[in-house]
Amino acid sequence: METDTRQTCEPLGEVVETSTTAFTAQCHPPRLHAPPEVGTFVRILPPGASPSANGDFIEDPFLEPEERAAQVAAPPETLYAVVVEAYTTGTDPGRKAMAYGLDEESLRAEQPQIFHLLTTEFRAVHLAVQGPNQKLCGGLPAVPPRLHAFVYPCTQAEFYALTELPDLPRRLLFLPEIALPDPLIVACLRKAYAQRGNDFDFLVRMGKQFAVLLRSEADRLNALLRDLEP
């Protein structure tokens, strides 16, 4: 499967707040109002790695299919996260945005300076780390990503490997800092379903795992499964 290197070399944002559980990234000015969608998988490369170091599939005939799916040739310590929210606000925290009664085109023509005072940011929660053996390991990083590190979209191979993590439903249910994860789970898995070519078997596998994890919460499980229906 081919990787779109042009897409994956363009950063989605730059880390401006960081911890071992999550990070906040600020979009560069050309991406004002255009953050990655909620449920999108993103990655942060380790210091010194080239942005063209795309995670591609590993071709190893001795690997079992499920093992091959979880292995990509990405630099060790590459961090993977899922976008949980995005927002646009003013760069001056003490100055609230005002309504001008103009559409965006007119506002840009009459008050272009306003758009230099706006910033779009998104927050992502850590989901997995690339291990030294080129195998994705679900969990949190040992140390947070660095401030001002660039955030990139995942390659197709990395996306596929993340959606093949054997305990992906459990990790999404218990993401740190997320009190109500169900809408995020639906957004993430519906994006995965579409990007995997409307892979209905994938949704069935996810549904079976959620049925086990939420066996004592029938109403919640039924609502989740209804929202996941293609």
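**Entry 1: Glu-217 and its partner.** I started with Glu-217, which counts as partly exposed at 33% relative accessibility. Keep in mind that this is a predicted model. Glu-217 makes a salt bridge with Arg-220, and their closest N and O atoms are 3.4 Å apart. I checked Arg-220 too: at 25% relative accessibility, Arg-220 is also partly exposed.

Entry 2: How many salt bridges turn up in a search of the whole structure? I got 12. One of them joins Glu-164 to Arg-196, with 2.8 Å between the closest N and O atoms. Glu-164 sits in the loop between α4 (156-163) and α5 (168-173), while Arg-196 sits in the loop between α6 (182-195) and α7 (200-213), so this pair ties together parts that are 32 residues apart in sequence.

I stayed with Arg-196 for a bit. Is Arg-196 buried or exposed? Its relative accessible area is 12%, and the cut-off for buried is under 20%, so Arg-196 counts as buried. The side chain of Arg-196 also meets that of Asp-199 in a salt bridge, at 3.1 Å from N to O.

**Entry 3: cysteines.** A disulfide is a covalent bond between the sulfur atoms of two cysteines. I found 0 disulfides in the structure.

**Entry 4: strands.** Which strand does β1 (residues 13-18) join through 2 bridges? I traced them to β7 (residues 150-153), and the two strands run antiparallel. On this side, Gly-13 has Val-151 in β7 as its bridge partner. Strand β3 (residues 41-44) pairs with β7 as well, again antiparallel and over 2 bridges. There I noted Arg-43 standing opposite Tyr-152 of β7.

**Entry 5: the largest pocket.** Last stop was the largest pocket, which holds about 360 Å³ of space. It is lined by 19 residues, and the closest to its centre are Leu-45, Pro-46, Pro-47, Glu-77 and Pro-145. I sorted the lining by class and got 16 nonpolar, 1 polar and 2 charged residues.

Definitions and conventions
Residues numbered from 1 in each chain as written. Predicted model: local features only at pLDDT ≥ 70, side-chain atom pairs only at ≥ 80, totals over all residues. Heavy atoms only, no water. Disulfide = S-S within 2.5 Å. 1 Å grid on protein atoms, 1.4 Å probe; cavity = no way out; pocket = protein on both sides within 12 Å on 5 of 7 lines; lining within 4 Å. Points joined across faces, edges and corners; volume = space filled by probe spheres on them. Nonpolar A, V, L, I, M, F, W, Y, C, P; charged D, E, K, R; others polar. Pairing = 2+ DSSP bridges. Helix = DSSP H or I, 4+ residues; strand = E, 2+ residues; numbered from the N terminus. Salt bridge = Lys/Arg side-chain N within 4 Å of Asp/Glu carboxyl O. Buried < 20%, exposed > 50% of the residue type's maximum accessible area, 1.4 Å probe, protein only.
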